[in-house]
Amino acid sequence: MRARTTSKAGPSNEEIRRRNLGTLLRHVHLGGPASRTALADRMGLNRSTIMALTTELASAGLIREELPGETGRAGRPSLVVRPESHRVYVLAFDVAVDRLLAARVELGGMILARREAVRRRKYPDLDDVVGTLAEFARQLIRDAPRDAVCVGVGASFCGMIRPADGMVRFGPNTGWMDQAFGAEFGRRLGLGLPVQVGNEAHLGAMAEHERGVGIGYQNLIYLHGDVGVGGGIIVDGKLLDGNDGYGAEAGHMVVNPYDGRLCGCGSRGCLEAEVGEQALFAAANRSAELVGHDGVRAVVDAAEHGDTAAREALHRIGDWLGIGVANLINVFNPGLVIFGGMLREVYRGSAVQVRNRIMANVLPVSRERVQLRTAALGDDTTLVGAAELAFSDLLTDPLEALGRRTRITSST
């Protein structure tokens with residue numbers, strides 16, 4: 001008897017077209033202006049298909065095409081495709097332990113305007129955070145050009161986030177537990193757009209991978225320091241987010257279980273307990289006088305100017321940081337480890353200790369090519385990640401996302 005076979009239908013022409021529209025828009029959004037010829041080469045498509053795609057995107061007001069400058073070549077030059085930056089933007093927000101940041105970010109990635117406020121450590125403070133960010137949003141929208149369209153809202157948050165609805169499941173350094181941040185913020189904004197929320201280190205990893213020091217690396221680890229330590233891991237070009245979105249919590253990797261410091265999560269000896277803000281200040285005998293990123297910078301600056309206590313504190317913290325990094329390299333074999341947030345400053349003062357631990361504790365074949373770098377996007381790494389999260393729907397299906405936003409705007 002002959003076995004019955006079934007075949008799975010491939011994507012339809014319409015699905016392929018939508019995917020190609022998104023891919024082309026992503027290229028010019030992330031990579032900047034490019035000629036039709038260059039886009040055809042990158043996407044593996046012929047020129048007539050590229051022309052059809054650019055015509056659709058230009059008609060929708062998402063790109064524009066123009067003649068290049070002097071090329072020095074004979075023949076008809078290829079048109080240059082540029083994102084229609086000033087017409088399309090997103091709102092991006094960064095909720096850190098000590099600050100609240102908001103920005104209007106244009107298609108193409110440039111930050112056009114920003115607002116910032118100090119966040120005081122009185123938790124939980126959902127209503128205060130949402131109220132401040134909503135006011136910032138109103139100011140940013142009011143100052144935008146009349147014909148500009150907001151196509152998305154993204155927020156970075158310093159805690160464990162449920163991606164489906166932006167619920168903050170647990171924020172060990174903020175006192176937040178099961179706080180409906182995404183839903184409440186969306187309601188207060190009143191834009192008819194969902195607020196997409198991501199963990200700060202996850203978004204930082206994506207930002208550095210797409211726009212920062214991680215460009216060209218398919219496997220990297222991003223470590224973000226605020227009060228604690230968060231982790232974002234890119235494997236084969238994709239974010240490793242775990243079963244429920246809570247993956248890569250590198251800060252809660254236990255490195256000192258027997259006599260470790262108490263962590264905000266309730267455990268002892270977590271990486272963030274041994275290398276975080278309070279551990280550094282205590283080791284430097286400054287626990288009562290310093291706080292936040294400015295405090296961390298002050299310790300690092302003091303060490304560079306010969307302060308013995310500060311220097312010894314950074315050596316101790318750097319040794320624990322090196323142990324954590326060594327474990328991560330052994331497990332994931334990344335090509336790059338990036339230090340972001342306040343860990344940029346810590347690494348600046350303890351790079352020797354981190355590298356010594358890698359030499360002592362990482363398998364030779366895993367350490368021979370790994371690079372260590374600080375975040376190229378600086379203090380904006382997580383904000384840029386939030387902006388890219390906000391652009392994700394547009395870059396997946398540009399015409400549908402823009403049409404949906406137009407329908408929402410016309411009905412309000």
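A cavity, for this tour, is a set of grid points inside the protein where a 1.4 Å probe fits but cannot get out. With that in mind, welcome to this predicted model.

**Stop 1: α1 and α2**

Select residues 13-31 for helix α1 and residues 36-43 for helix α2. Their axes lie 11 Å apart, and the two helices pack at an angle of about 120°. The crossing here is right-handed. Now show the side chains: from α1, pick Asn20, Thr23, Leu24, His27 and Val28, which meet Leu39, Arg42 and Met43 of α2. This contact consists of four nonpolar residues, three polar ones and one charged.

**Stop 2: α4 and α5**

Next, select residues 126-142, which form helix α4, together with residues 181-189, which form helix α5. Here the axes come within 9 Å and cross at roughly 40°. This pair is therefore oblique as well, and α4 passes α5 in a right-handed crossing. On the α5 side, colour Phe181, Glu184, Phe185, Arg188 and Leu189. Their partners in α4 include Leu126, Val130, Leu133 and Arg138. What classes of residue make up the contact of α4 with α5? There are nine nonpolar, one polar and four charged residues.

**Stop 3: α10 and α11**

Move on to helix α10, residues 308-332, and helix α11, residues 343-361. Their axes are 7 Å apart, and the helices pack at an angle of about 60°. Once again the two helices are oblique to each other, with α10 passing α11 in a right-handed crossing. To see who takes part, select residues of α10, among them Leu314, His315, Gly318, Leu321, Val325 and Ile329. By class, the contact of α10 with α11 has eleven nonpolar, eight polar and two charged residues.

**Stop 4: the cavity**

Finally, look inside the protein. How many cavities of 30 Å³ or more does the structure hold? There is one, and the largest cavity has a volume of about 170 Å³. To find it, select Cys158, Asn173, Glu200, Val229 and Glu272, the closest to its centre of the 18 residues that line it. Then highlight strands β12 (220-225) and β13 (229-235), each of which supplies at least two residues of the lining. Colour the lining by class and you will find six nonpolar, eight polar and four charged residues.

Terms used. Residues numbered from 1 in each chain as written. Predicted model: local features only at pLDDT ≥ 70, side-chain atom pairs only at ≥ 80, totals over all residues. Heavy atoms only, no water. Axes fitted to C-alpha atoms, helices over the stretch in contact; angles between N-to-C directions. Helix = DSSP H or I, 4+ residues; strand = E, 2+ residues; numbered from the N terminus. Parallel < 35°, antiparallel > 145°, perpendicular 65-115°, else oblique. Left-handed = near helix turned anticlockwise from the far one by under 90°. Contact = heavy atoms within 4.5 Å. Nonpolar A, V, L, I, M, F, W, Y, C, P; charged D, E, K, R; others polar. 1 Å grid on protein atoms, 1.4 Å probe; cavity = no way out; pocket = protein on both sides within 12 Å on 5 of 7 lines; lining within 4 Å. Points joined across faces, edges and corners; volume = space filled by probe spheres on them.
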